[in-house]
Amino acid sequence: MNNGLTIFLNFINMAVLASAPLLLATLGEILTEKSGNLNLGVEGMMFMGAIAGLGAAYHYEQAVTLAGGTPSALLATGIATLAAAGAGALGALIYAFLVVTLRANQNVTGLTLTIFGTGFGNFFGELLGKQAGGFVQVSSATKAMFSNISFGSFSAIPVIGPLFFNYNWLVYFSIIVMFAMAWFLAKSRRGLNLRAVGENPATADAAGINVTLYKYTATVVGGALCGLGGMYISMSSTACAGVWVHDCVNGYGWLAVALVIFAMWSPTRAWLCGLVFGALLVVRNYYPIPGLPMQIYAMFPYIATILVLVFVSIRQVKEYAQPASCGLNYFREER
Amino acid sequence: MENIAQHPENAVEMRNITKTFGAVVANNAVCLSLRKGEILALLGENGSGKTTLMNMLSGIYLQDSGEILVCDRPVTIRSPKDAYALGIGMIHQHFKLVDVLSAAENIVLGLKGAQTLNRREINRQVAKIAAKYGFELDPAKKVYSMSVSEKQTVEIVKALYRGAEILVLDEPTAVLTPQETTRLFAVLRVMKSHGKSIIIITHKLNEVMEISDRVAILRKGEYIATVNTAETSQQDLTEMMVGRRVKLEIDRPACPHGDRKLHVTDLTCVSREGVTKLSHISFDAFGGEILGVAGVAGSGQKELCETITGLRTITSGSIIYRYTRGEMTIEENIAGMRADRIAQRGVSLAFVPEDRLGMGLVANMDIVDNVILRRYQENAGILINRKKYRPVCEKMVRELDIVTPGLSTPVRRLSGGNVQKVLLGREILSRPQVLICAYPVRGLDIVSSYRIYSLLNAEKEKGNAVIFIGEDLDVLMDLSDRLMVLCGGQISGIVDPRQCTKEEIGLMMTRVGNGKTGESA
Amino acid sequence: MTHSGEPFVRVVKRTDIEKGKAILYRVIALLCALTVGGLLVALLGYSPFQMYSDMVSGAIGKSLIAVNKQGVLEFSSSAQATMKIVTLLLVTSLGLTMAFKMKFWNIGGEGQILVGAICCSYIAVHYGDTWPRWLLLVSMFVVACIGGGLYALLPAIFKAKWGTNETLFTLMLNYIAINFITFLQYQPSWQMTGTSFPKIRDFADATRLPEVLGVHMGWIVALALAVLLYLYFSKTKHGYEVTVVGESANTAKYAGMDVPRIILRTMFASGAICGFAGFLQVSGASGTLTTDTGGGAGFTAITVAWLSGMNPLLMIIYACFIAVLQRGSNRIQTTMGIPKSAADMLIGIILFFMLGVEFFINYRLIFRTKQVKREAALQ
């Protein structure tokens with residue numbers, strides 16, 4: 001097999017894997033921002049999801065083993081998923097309650113969620129690690145559930161195989177979510193209502209839409225997705241792979257917030273732009289530029305984000321802009 | 001309180017409705033009845049409670065006490081959804097439309113139906129309704145690219161699509177040209193012939209006389225009376241609105257013609273997106289006169305003010321200010337100069353912008369901090385001297401009857417009329433030789449409005465030039481010495497309002513050059 | 001006739017609230033937050049009382065100021081570490097306030113601290129062994145401020161010109177600065193010799209700030225800076241301009257203010273003050289440069305600034321409070337085995353409650369009670 005092709009395929013592979021947590025969190029934040037809530041707590045929700053998923057699976061395994069049985073990897077995966085989504089949703093619920101019901105400032109509340117969530121993740125990660133006698137990890141059977149799936153003969157097809165049939169289930173899940181969200185926003189009645197809520201809540205209210213319900217739902221579901229993105233990091237990513245690593249999220253949440261802007265609030269664009277980000281994150285391993293220090297590579301995604309921020313602000317098209325009421329709180333019964 | 005005879009054909013009846021906001025009583029035991037198939041005008045000054053009353057009918061507010069009956073059945077309207085279910089649709093003064101969506105999408109917003117939107121079917125139904133009543137509407141057009149009149153059409157079709165039998169229009173003609181108003185009234189009559197019942201909220205007496213069957217009058221939150229339009233007059237209605245005899249004419253003192261203060265030549269302004277907002281504008285403003293500026297919203301009035309006062313860049317043209325400082329007469333071309341530079345050069349012009357709390361004042365600061373907005377650089381050094389300005393502020397509050405708890409109250413807590421007085425008072429304090437006002441009486445009650453007219457006339461009598469941008473053609477024609485009509489960023493004509501009809505001016509507002517152009521000598 | 005459909009609770013905006021009542025509400029919120037935090041640790045099997053008392057004693061020591069063995073008056077050793085954190089937090093939050101007053105969301109405090117630290121470290125590395133002390137300190141101070149200022153100026157320029165989102169721009173710059181320090185750790189001239197992993201060397205004694213009461217003098221400068229900034233905002237023309245621009249940029253422009261210049265000037269000052277904090281960290285607190293030099297202060301200072309309502313004098317109190325929590329969490333990690341990220345969680349909980357209590361301060365709740373119904377029936 002052609003060596004250059006192999007390298008390229010590996011590069012794409014790793015790019016897709018690197019972009020998967022970003023995609024989930026980005027989709028979650030797009031949904032949230034479409035409802036008019038700017039939730040800067042993505043990093044925090046990812047941390048919460050990361051530890052909740054890992055910890056829940058770990059506890060399940062410990063409980064079953066103690067009782068004398070063999071833990072089922074499938075069940076562990078299911079429990080981890082529910083826990084991660086639930087934790088992210090919980091964080092988002094706190095945010096939604098403060099912002100929608102108690103009318104708090106969205107920027108500060110989101111940042112607080114980041115601080116809280118980061119602390120939450122590291123705190124319980126370390127605590128569980130102590131209890132486990134060093135560090136906390138899940139069984140290898142469970143780890144295997146989160147690693148790349150082999151599709152048998154499909155994976156063996158040259159080029160197509162490695163490119164499409166070589167990923168873990170979360171990658172495929174995120175793509176399904178992406179298509180579902182794109183359909184929802186563009187083609188469904190409720191999606192139209194949601195867009196109205198985010199653009200002009202007064203109008204949506206006058207049209208009889210329950211603005212509060214839509215904001216809460218979108219924010220909480222968005223938070224659940226962020227939690228799943230966090231779970232990806234703690235369970236699927238090569239850096240962690242089922243072992244809790246302190247500070248594992250390490251800025252991915254912020255990259256997701258940037259990706260939302262990069263993708264101009266469109267789920268399909270988020271997928272494509274996410275791939276670009278993923279590629280930037282891994283490019284140094286495959287196409288190193290001679291003489292460029294490793295740390296400069298690490299800066300690539302952040303520099304790219306800045307360039308996109310500037311580009312988006314210079315060319316302002318209404319349909320590509322942030323939902324108009326994002327960042328502002330809405331309430332009726334005001335003179 | 002009047003007894004409303006029980007009429008079996010009432011579409012809506014509101015009995016003893018009371019609504020308070022904190023310490024303010026917006027509606028006090030108000031009664032209203034709307035007969036089926038009639039057009040009822042709800043008349044009252046700004047601040048009389050008419051919009052609040054109708055907001056309760058459309059479910060935005062909930063009354064503190066009192067009951068509402070629809071077709072003689074008592075109902076509870078707790079949300080806009082309830083109102084729609086009862087067949088009540090309201091077209092608000094500030095349109096409730098989502099800019100980035102199309103007309104059809106706005107119309108079906110919030111309605112129940114299949115999960116997937118069938119856009120083609122919706123477009124078809126919308127076109128059907130539009131045709132039935134004589135509207136011109138493109139269902140796929142995005143709202144942000146629509147004119148004001150088109151947006152209003154979307155709002156009305158929206159209500160009709162939802163099966164509204166009772167329609168409430170809040171100040172619908174405020175943003176329309178005379179021709180568009182005529183078209184709207186024609187549509188209203190068609191709807192009436194189809195059995196719809198219509199309430200039109202307005203403060204324009206001539207329209208009340210033209211379109212309504214009956215008039216209900218509110219004053220300061222109280223219900224006054226309902227009369228048959230055919231049996232009343234504008235004077236009677238005013239008396240009921242204000243509570244006493246009010247002189248309806250606006251003074252126009254004759255002043256000696258002053259020097260040319262402002263000479264604008266060939267002013268052109270192109271926006272960042274490449275849209276031409278002003279095109280070859282040339283006019284003069286003289287001392288001792290009020291130059292009125294009329295035009296449909298978005299004809300370039302905002303850009304005109306902002307370019308002349310240095311808040312917006314100019315593509316080409318010259319703006320020459322001619323003013324006296326002491327003994328000297330100075331001519332200064334300020335085209336392209338930024339506002340701070342203009343201030344530095346000592347050019348004495350003042351601008352009262354349309355957006356009072358968003359531009360002219362800082363909403364969260366008090367009167368003193370707002371008054372020093374223009375003058376804080378006056379003393380040397382790095383410190384601000386607030387004490388120096390307190391006496392000036394106190395004097396201004398006294399002379400203009402500004403109602404405020406104190407000098408340190410944030411101005412956003414003041415009522416609309418008082419906010420405007422603070423703004424105008426501050427500008428006049430700086431003794432400008434040219435005063436530009438954009439929509440200075442919008443949202444003010446009659447008494448405050450006339451106060452503002454007097455202030456402007458006083459400036460005129462001092463020999464200063466006043467440029468007055470307004471939306472009420474009747475006021476503009478009464479107050480101005482000369483009237484400039486803008487249309488699509490161009491000057492359609494500069495006329496003497498004493499020798500022009502309202503219809504002629506209306507035509508000039510929609511098509512350039514339909515009037516007699518000419519400058520007074 | 002009363003309306004039977006009256007909602008259960010109505011929300012009405014308050015026109016006024018006495019200062020005392022507002023403070024009381026905030027204190028109650030603080031106590032609730034501490035209670036919730038205590039409940040959380042109790043559920044995990046630790047004693048909340050021991051946790052809080054260990055935190056305080058870990059932060060302050062046996063007594064805040066005492067005479068040490070050499071007969072010199074100074075802060076207790078625990079308090080010394082706390083004071084360093086107080087200084088860092090106070091200076092950073094003062095820097096951030098400059099920007100926040102203008103509604104410019106400078107989340108890049110961490111990066112600005114680090115860039116200031118990098119700049120003055122450059123002088124320390126290359127001239128630390130040759131220049132006299134006074135020259136070192138002055139030059140390090142100057143380049144730190146300029147460096148931090150320029151780093152904040154960059155996003156400000158884009159915001160002023162094109163309205164580019166400053167929140168994310170400043171945030172991204174943080175990560176670039178952190179990575180740059182990692183890069184420096186591999187540079188031979190900067191490296192410490194004799195260690196297994198790359199680390200920047202300790203700087204010469206001549207680069208270090210003198211101490212007052214056992215802590216580098218930065219803490220006195222920080223207090224003075226707080227007073228200075230308070231006067232700046234309330235009494236000077238610049239402060240007035242910054243407030244007007246923050247309230248309404250439109251109004252500022254209309255009033256003839258040079259809004260872009262005000263934005264740039266203020267952001268430079270914001271970054272410069274944060275850069276100054278970086279200088280204090282290098283020259284005062286640690287004597288070297290690591291990726292942890294900022295210690296997350298860029299983010300924590302946001303909460304300090306917010307809690308103090310952008311009032312520089314209140315920031316002194318809140319900086320001390322947060323510093324006690326952070327330093328104390330180090331102690332409880334050793335004495336009780338509670339991970340020190342508990343401090344982050346606790347700070348998050350406190351801030352959640354403080355954000356929530358603002359609602360009750362600004363709005364009044366009217367419940368549908370029998371009394372109200374009766375009154376309405378009488379009308």
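The legends below describe close-up views of a predicted model.

**View 1. Overall dimensions and fold content of chain B.** Along the principal axes, the C-alpha atoms of chain B fill a box of roughly 75 × 50 × 45 Å. A compact globule of 521 residues would have a radius of gyration near 24 Å, and the 25 Å found for chain B agrees with this. The secondary structure of the chain comes to 17 helices and 20 strands. Of its 521 residues, 47% count as buried. Among contacts in chain B with a separation of 6 or more, 67% are between residues 24 or more positions apart.

**View 2. The two domains of chain B and their contact.** The domain assignment of chain B gives domain 1 as residues 10-242 and domain 2 as residues 261-510. Their C-alpha centres lie 33 Å apart. Ten residues from domain 1 of chain B and twelve residues from domain 2 of chain B make up the contact. On the domain 1 side, the residues that touch domain 2 divide into five nonpolar, four polar and one charged.

**View 3. Strand β3 of chain B and its burial.** Strand β3(B) spans residues 39-43 and is mostly covered, with five of its five residues buried. In a regular strand, side chains alternate between the two faces of the sheet. In β3(B), Ile39(B), Ala41(B) and Leu43(B) point one way, while Leu40(B) and Leu42(B) point the other way. Residues pointing in either direction are buried.

**View 4. The strands paired with β3 of chain B.** Strand β3(B) is joined by five bridges to strand β8(B), residues 197-202, and the two run parallel. Within this pair, Ala41(B) has Ile200(B) of β8(B) as its bridge partner. Strand β3(B) is also joined by four bridges to strand β9(B), residues 214-219, and this pair runs parallel as well. Here Leu43(B) stands opposite Ile217(B) of β9(B). Both Ala41(B) and Leu43(B) belong to the group that points one way from β3(B).

**View 5. The contact between chain A and chain C, seen by its chain A side.** Chain A gives 38 residues to this contact and chain C gives 36 residues. On the chain A side, the elements that give two or more residues are α3 (73-101), α4 (106-131), α12 (252-262) and α14 (294-314). Helix α4(A) gives the most, with 15 residues. By class, the side of chain A that touches chain C has 24 nonpolar, ten polar and four charged residues.

Note on methods: Residues numbered from 1 in each chain as written. Chains lettered and ligands numbered in written order. Predicted model: local features only at pLDDT ≥ 70, side-chain atom pairs only at ≥ 80, totals over all residues. Domains from an automatic or database assignment. Contact = placed C-beta atoms within 7 Å. Nonpolar A, V, L, I, M, F, W, Y, C, P; charged D, E, K, R; others polar. Buried ≥ 20, exposed ≤ 12 C-beta atoms within 10 Å, placed from the backbone. Pairing = 2+ DSSP bridges. Rg over C-alpha atoms; globule rule 2.2 N^0.38 Å.
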